[in-house]
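These are my notebook entries on a single structure. I set down what I looked up, one topic at a time.

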Amino acid sequence: MQELYEKMVNEALMAQKADVATIKKNRGTDFKIKDTKAYLDVVEKMEAVGDQSESVINLHVDSVKTHFELLNSLTDTIRPEDDPFVEHYQTPAILEILGEEDSDFQASVDRFIDAISSSEALIGREVVRRYGGFYGPTCVVDFALIPGSTSNLVNQILQTVDAPLEHKQAILSAKSWGMNTSYGVGEVFAQELEAGATLSDAIDKEVAMVQQIYENPVDAQAQLMDSLGHTSFDVRKYMAGYKDKMKRTIMAAVDDGVHYGNILTVPAYCVGDISHHIAQSTYNMCKDDVIMGVIEATTAVMESTLKAALPNFKSAVEILSLATGSSACAVEYILELDGFNAPMVVDMLTKRFHNYVQLYPTRGAAAELHNCDFMDMIYRGWNHLDTARRAQNGTPGKLTPRIGNFTVDLEPVHQNEVIMNPQRYTYPACAITVRFSALMRLADYPCLLTSEPVTATLMTNIIALDKENPASPARTCKSCASACLVDFRHNHCQWKEAV
């Protein structure tokens with residue numbers, strides 16, 4: 001297994017470093033699709049080892065390659081307003097392929113669509129709660145079953161559907177790590193209500209919208225992009241091309257016995273680095289040296305920690321836990337260098353959320369999505385650092401948080417010249433909030449801190465070892481920062497009831 005673990009660590013770190021190096025080189029310039037070739041080159045080196053399913057690895061590799069080629073054929077750049085959606089065009093296409101090739105699966109989808117129309121009361125309750133901020137900050141398209149998320153609602157509806165369990169799990173996965181359209185539950189309801197519709201009319205239109213994204217996924221996604229003013233490229237041509245180019249890879253996975261939920265998941269989560277993480281918005285944000293420094297320091301902590309732990313891994317899941325846990329520790333540690341910590345920030349951002357709801361009742365359904373990711377990350381890091389600080393007490397020496405049986409190496413933070421010299425980026429004698437202010441920018445966009453390329457790469461490797469069981473959504477308590485520290489919403493979660 002050592003060969004496999006080493007391969008997983010190397011593939012994940014190469015994906016992360018390809019992003020970071022490209023952004024560092026091009027920050028402040030004009031983004032071009034060709035800039036993302038470094039990430040594609042790394043992905044194309046991924047391979048199945050040992051008991052891994054080659055068809056699962058191919059879902060990842062072929063999707064990234066197809067994505068890169070299609071975007072290159074349609075445009076040379078993407079404007080910031082359009083880049084978040086580039087990872088939302090794959091699952092709709094795959095859902096249609098599976099429906100066209102498997103009539104039994106399509107029958108299950110049709111039964112689910114019928115159940116949506118019978119769930120008016122449930123949908124009405126959930127969208128009212130989301131509109132009014134009942135659940136507090138929530139990821140409407142979260143990869144777990146947290147309250148207020150689309151997955152949470154889909155799971156509740158699926159519990160009423162008479163269909164094979166595997167099909168219900170696939171339908172749930174399609175609106176979790178698989179992103180079946182850009183729609184987040186409650187968006188239509190809020191817009192209609194604020195425009196003057198009655199509650200019943202607004203709920204009717206919400207129900208119709210939720211049905212549409214399963215009845216005609218590709219067309220629904222195209223219409224959503226039309227409504228948002230997408231102009232960077234022809235999304236209909238993209239999805240038609242994606243269906244055509246990926247069909248053989250999809251069906252090979254079907255023939256290999258890969259769970260439909262994984263087939264819907266893997267190809268979507270891996271493409272975001274091309275024209276989303278490596279994109280104009282990232283180039284603009286990372287013009288700030290301190291923001292770039294945070295990303296680099298966090299990456300260095302992750303790399304040092306994973307490499308030191310390599311001889312002692314006992315499972316593939318340990319690698320993922322340590323990768324994401326070490327980055328969480330790094331970000332929380334940087335936060336604490338300025339005298340802040342996760343409980344303070346979670347309290348502030350949760351209070352801000354409730355004000356934001358009142359200011360902007362028609363806020364986008366995903367508005368607080370990444371704030372939630374950021375809060376959950378630093379809360380996780382704080383738990384590890386707090387335990388380490390208590391154990392160290394007054395003893396001199398380095399802080400050494402532990403994740404399971406592994407030690408997190410925070411020394412790369414101290415070796416980062418930018419992070420350790422905030423006085424160079426503000427009024428020198430008063431440089432006590434510089435790093436915090438950079439982190440607040442990253443609170444809207446923590447994708448390279450959490451890190452998405454690392455998680456996507458490792459999850460594909462993990463799924464390749466267990467192709468027959470759905471990996472998404474996460475069937476565990478997510479320890480949502482807001483719910484653990486401020487809000488009371490645990491009893492509205494669905495993780496124990498996941499189909």
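Predicted model: local features only at pLDDT ≥ 70, side-chain atom pairs only at ≥ 80, totals over all residues.

**Entry 1: Histidine 492**

Residues are numbered from 1 along each chain as its sequence is written, and side-chain values use heavy atoms, with hydrogens and water left out.

Histidine 492 sits in the segment after α23 (481–485); helices here are DSSP runs of H or I with at least four residues, strands are runs of E with at least two, and both are numbered from the N terminus. I then asked what histidine 492 touches, leaving aside residues up to four places away in sequence. The partners are Arg129, Phe134, Tyr135, Pro147 and Asn152, where contact means heavy atoms within 4.5 Å. I also noted isoleucine 146, which is 346 residues from histidine 492 along the chain, with 7.9 Å between the two C-alpha atoms.

**Entry 2: Helix α4**

I checked the length of helix α4 (residues 90–101) against expectation. The expected span is 1.5 Å times one less than the number of residues.

How many of the twelve residues of α4 are buried? I find ten, so the helix is largely enclosed by the rest of the structure. The buried residues are Gln90, Thr91, Pro92, Ala93, Ile94, Leu95, Glu96, Ile97, Leu98 and Gly99. Their cover includes α3 (54–74), α5 (103–117) and α10 (199–215). It also includes α11 (217–227), α12 (235–255) and α13 (260–269).

**Entry 3: Aspartate 376**

I located aspartate 376 in helix α18 (residues 369–392). It counts as buried because its relative accessibility is 14%. Beyond residues up to four places away in sequence, aspartate 376 touches Lys478, Ser479, Cys480 and Ala481. With lysine 478 there is a side-chain to side-chain polar contact of 2.5 Å. A polar contact is a pair of N or O atoms within 3.5 Å; within protein, one must be able to donate a hydrogen and the other to accept it, and residues adjacent in sequence count only if both atoms are side-chain atoms. I also recorded threonine 450, which is 74 residues from aspartate 376 in sequence and 9.6 Å from it in space, C-alpha to C-alpha.

**Entry 4: Threonine 299**

Is threonine 299 buried or exposed? I list threonine 299 as buried, because its relative accessibility is 6%. It belongs to helix α15 (residues 289–309). Its side chain reaches the backbone oxygen of isoleucine 295 at 2.8 Å. Leaving aside residues up to four places away in sequence, threonine 299 touches Gln16, Lys17 and Val20. Lys17 is also linked with Glu303 and Lys307 in a network of salt bridges.

**Entry 5: Salt bridges**

I searched the whole structure for salt bridges and found 26, each being a side-chain nitrogen of Lys or Arg within 4 Å of a carboxyl oxygen of Asp or Glu. One of them joins glutamate 368 and arginine 363, with the closest N and O atoms 3.8 Å apart. Glutamate 368 is in the loop between α17 and α18. It is buried at a relative accessible area of 8%, and arginine 363 is buried at 4% relative accessibility. Glutamate 368 also touches Pro137, Thr138 and Phe353.

I noted two further pairs. Arginine 424 and glutamate 417 meet at 2.9 Å, N to O; glutamate 417 is exposed, with a relative accessible area of 52%. Arginine 79 and glutamate 81 meet at 3.7 Å, N to O; arginine 79 is partly exposed, with a relative accessible area of 30%.

**Entry 6: A surface patch**

Which residues make the nonpolar surface patch of about 310 Å²? I list Tyr356, Leu359 and Tyr360. Patches are made of residues with over 30% relative accessible area and no salt bridge: like charges are joined within 9 Å, and nonpolar side chains (Val, Leu, Ile, Met, Phe, Trp, Tyr) within 5 Å. Accessible areas come from the Shrake-Rupley method with a 1.4 Å probe, and for residues only the protein chains shown count as cover. Leucine 359 lies in helix α17 (residues 342–359) and is exposed, at 59% relative accessibility.

Notes
Buried < 20%, exposed > 50% of the residue type's maximum accessible area, 1.4 Å probe, protein only.
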